[in-house]
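Me: Could you take one part of this protein and walk me through it closely? I'd like to know what sits around it and how it pairs up.

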Amino acid sequence: MQIAQGADEMLKNALIGVGLIAAFGVAYIRYAPLYPNQWHVDPAEAVRTGKPNDFLMSEGGDLPPVVLAADVATVAAALDAVVLAEQATFVMAGSASEGFVTYVQRSRLMGFPDMVSITLRPVDTGTALRAYARARDGHSDLGVNAARVQRWVAALEARLEQDG
């Protein structure tokens, strides 16, 4: 009987320990600082992580830059409207109106932060958009960053077409 009580106590303590470790992990994911000097990176100069949790839309990247048939100011206003309408998204550094911005979007369940740096540059036919999206945590994002950038670009194109 005494051995069973000792085993129950050990199991209880182990479960409490696992719970505390899990709580610390969630708190770290949510509250660990994000440093703009580390994440606010021009996509044209980005050094890839080598992990499958980043996506680069720039020369030599996963996709080439997108050229939008509108001036930089118009694209910047539409970009902020599209991106900041999504849940758990905020500007970390820069601004779209300046032509260089880094957004942070956190996952719904665990709050994992992904950073997306975007530049807008004038070109002859409108505005070139380059983007570099990457996860802070983990090795693979299961294509979330690629899907996010492509979703934002599609929504931006639709908004510009609607407004134009």
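**A strand and its two partners**

Reply: Let's start with the pairing: strand S4 (residues 100–106) and S5 run antiparallel, joined by 7 bridges. Before going on, a word on the basis: this is a predicted model, where local features need pLDDT of at least 70 and side-chain atom pairs count only at pLDDT 80 or more, while totals for chains, interfaces and linings use all residues. Residues are numbered from 1 along each chain as its sequence is written, and side-chain values use heavy atoms, with hydrogens and water left out.

As for the terms, strands are DSSP runs (E, at least two residues), numbered from the N terminus, and two of them pair if DSSP finds at least two bridges between them.

Phe 112 is partly exposed, at 35% relative accessible area (buried is under 20%, exposed over 50%, partly exposed in between, with a 1.4 Å probe and protein chains only). Phe 112 is also 7.6 Å from Arg 136, C-alpha to C-alpha, though 24 residues separate the two in sequence.

S5 itself (residues 113–123) is mostly covered, with 8 of its 11 residues buried. Its other partner is strand S6 (residues 126–135), again antiparallel, with 10 bridges. Here Arg 121 stands opposite Ala 128 in S6, and the hairpin of S5 and S6 has 2 residues between the strands.

Key: Helix = DSSP H or I, 4+ residues; strand = E, 2+ residues; numbered from the N terminus.
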